[in-house]
Amino acid sequence: SRGSSASPAPHLKPFFRANHGLLLRFLPRSAPCCPPGGGSAAQPYVAKRAGLVWRSQPWRRWRRADTKLNLAAVFVSDAQYNRNIPFDSSPQAVRLYLLYNHSLLHVLVYVFILVDLSLALFEEPAVVSLPLWATSAMELVCLLAFTVRLVHFAKVIPRRTFFRDPKNLCIIIIITLCLIDMVIYGALYVSGHSSVRWSRVLRPLLLVNVTEGRQVRRAFRSIRNALPQILVVFCLFIFSVLMFSLMALKLLGKRNLTTIEGAPYFRNYLEIVFDLYVLVTTANSPDVMMPAYNYSSFFSIFFILYIIINTYTFMSVFLAVVYNNYKKYLKEEVRQLVKAKRQKLCRAFSLLQEPVEGAGREPVVSQNRWTELVKRVQPSISSAHRELLWNVLDHSNAGHIGKQAFVQVADLLNIQVITLKSRPHPLQLWIPAVYDCTASA
């Protein structure tokens, strides 16, 4: 009835959504059709003006709380697995992001990359070559899988961020070049002309630029950052080799010495550079110095000085510089990773925090909210495992935890917990009097 103020049955709510315009027609013309400000509150307002009160605010609050819980679970999961993807925080993007990080999809990506890389073993020239249509079909399926994965990733993160990321642009360029090369090679093969698949060298770059290859990219970044300091020592080493090669040419070049095979000894500067460079590795020692030593034993001083300076000094310094710089930049990578991990956990805490009565008290996360969060992050762990983790965080049995304890959730979830079931000895079950006696103890 129109004058009734009772709330309608739940099954009438879809009716109000579907017939929103029809209800407007039955309202008096003098009655406003929307509340001040309009927006999403217009639909409940129309139902109220029609005499049917429908209050959806509690349902909306529950929906908003569930969205916050899902978003907090994503942040904790990213912190647990050290993911650093700037995904969109809308509910639809969060659902797509959860699907993007599914373990089955990760396995499929590695399988397609392995198949794509192994095609070089069966493409011409190869010992066991497959037909062109078979290798082309498999490569096309792999490229299609990479394209679908890339489109899925574009739906997860903001569009501006997607096109500013060099990894995504690199994948797009690699896929495009592989398709162009495939078409050109197929056309030349059908027409009877020989050609080379130059796009094969681009296939390993897919492993580096996909989202799952972040460990490989981290190692490459550390090497790239350490290169300037390494190049300084390497240039000094090359300069030393060149100077010793010039000295060897001046000392031995005009003496018409020959090797055991009868070849000219130390008469060409580039050959001297190569022989002395190999001598640093001691691969041609002492053969490279024997003709000079046979001519005069004093020439051994030259080779001794060369080995001391280049093999023992420069190689040791070079190794120390490489190790120290790589360790320094790798430590910086780990520091940035820990910082991003803490920021994600702080964002998750801000979504789940609850106010505490009392002035100046910091917000907390209750045990119920924490339990729901862990269920969504790792649904496979048991309730006893969750209770154990909670007892580690809430050591004072307060029923809630603060931010300082909450940021340890990701580390606790990475700890493997092994459950051991204590079983009584069979003799204790069969003959307990004998097993528990003093003599048996």
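Which residue forms a salt bridge with glutamate 139, the closest N and O atoms being 3.1 Å apart? Here are some notes on that and a few other spots; keep in mind that this is a predicted model.

1. **The opening question.** The partner is arginine 197, which forms a salt bridge with glutamate 139 at 3.1 Å between the closest N and O atoms. Glutamate 139 sits in helix α7 and arginine 197 in the loop between α9 and α10 (204-209), so this pair ties together parts that are 58 residues apart in sequence. Both glutamate 139 and arginine 197 are buried.

2. **Another arginine on that glutamate.** Arginine 203 also forms a salt bridge with glutamate 139, and here the closest N and O atoms are 3.3 Å apart. Arginine 203 lies in the loop between α9 and α10 while glutamate 139 is in helix α7, so the pair ties together parts that are 64 residues apart in sequence. Why call arginine 203 buried? Because its relative accessible area is 2%, and buried means under 20%. Glutamate 139 counts as buried too, at 1% relative accessibility.

3. Across the whole structure, a search finds 13 salt bridges.

4. Aspartate 78 and lysine 344 meet through their side chains in a salt bridge (3.9 Å, N to O). Aspartate 78 is in helix α4 and lysine 344 in helix α14, so the pair ties together parts that are 266 residues apart in sequence. Both aspartate 78 and lysine 344 are buried.

5. **The second largest cavity.** Asp78 and Lys344 turn up again here, among the residues that line the second largest cavity. That cavity has a volume of about 40 Å³. Helix α14 gives the most to its lining, with 4 residues. By class, the lining has 3 nonpolar, 2 polar and 4 charged residues.

6. **The largest cavity.** The structure holds 2 cavities of 30 Å³ or more, and the largest has a volume of about 120 Å³. Its lining includes Tyr100, Phe146, Arg149 and Glu212. Helix α7 gives the most to this lining, with 4 residues. The residues divide into 8 nonpolar, 2 polar and 2 charged.

7. Phe298, Ile301, Ile304, Leu305, Ile308, Ile309 and Tyr312 make a nonpolar surface patch of about 730 Å². One of them, isoleucine 304, is found in helix α14. Isoleucine 304 is partly exposed, with a relative accessible area of 48%.

Key:
Residues numbered from 1 in each chain as written. Predicted model: local features only at pLDDT ≥ 70, side-chain atom pairs only at ≥ 80, totals over all residues. Heavy atoms only, no water. 1 Å grid on protein atoms, 1.4 Å probe; cavity = no way out; pocket = protein on both sides within 12 Å on 5 of 7 lines; lining within 4 Å. Points joined across faces, edges and corners; volume = space filled by probe spheres on them. Helix = DSSP H or I, 4+ residues; strand = E, 2+ residues; numbered from the N terminus. Nonpolar A, V, L, I, M, F, W, Y, C, P; charged D, E, K, R; others polar. Patch = residues over 30% accessible without salt bridge, like charges linked within 9 Å, V, L, I, M, F, W, Y side chains within 5 Å. Areas by Shrake-Rupley, 256 points an atom, 1.4 Å probe, with all protein chains shown as cover. Salt bridge = Lys/Arg side-chain N within 4 Å of Asp/Glu carboxyl O. Buried < 20%, exposed > 50% of the residue type's maximum accessible area, 1.4 Å probe, protein only.
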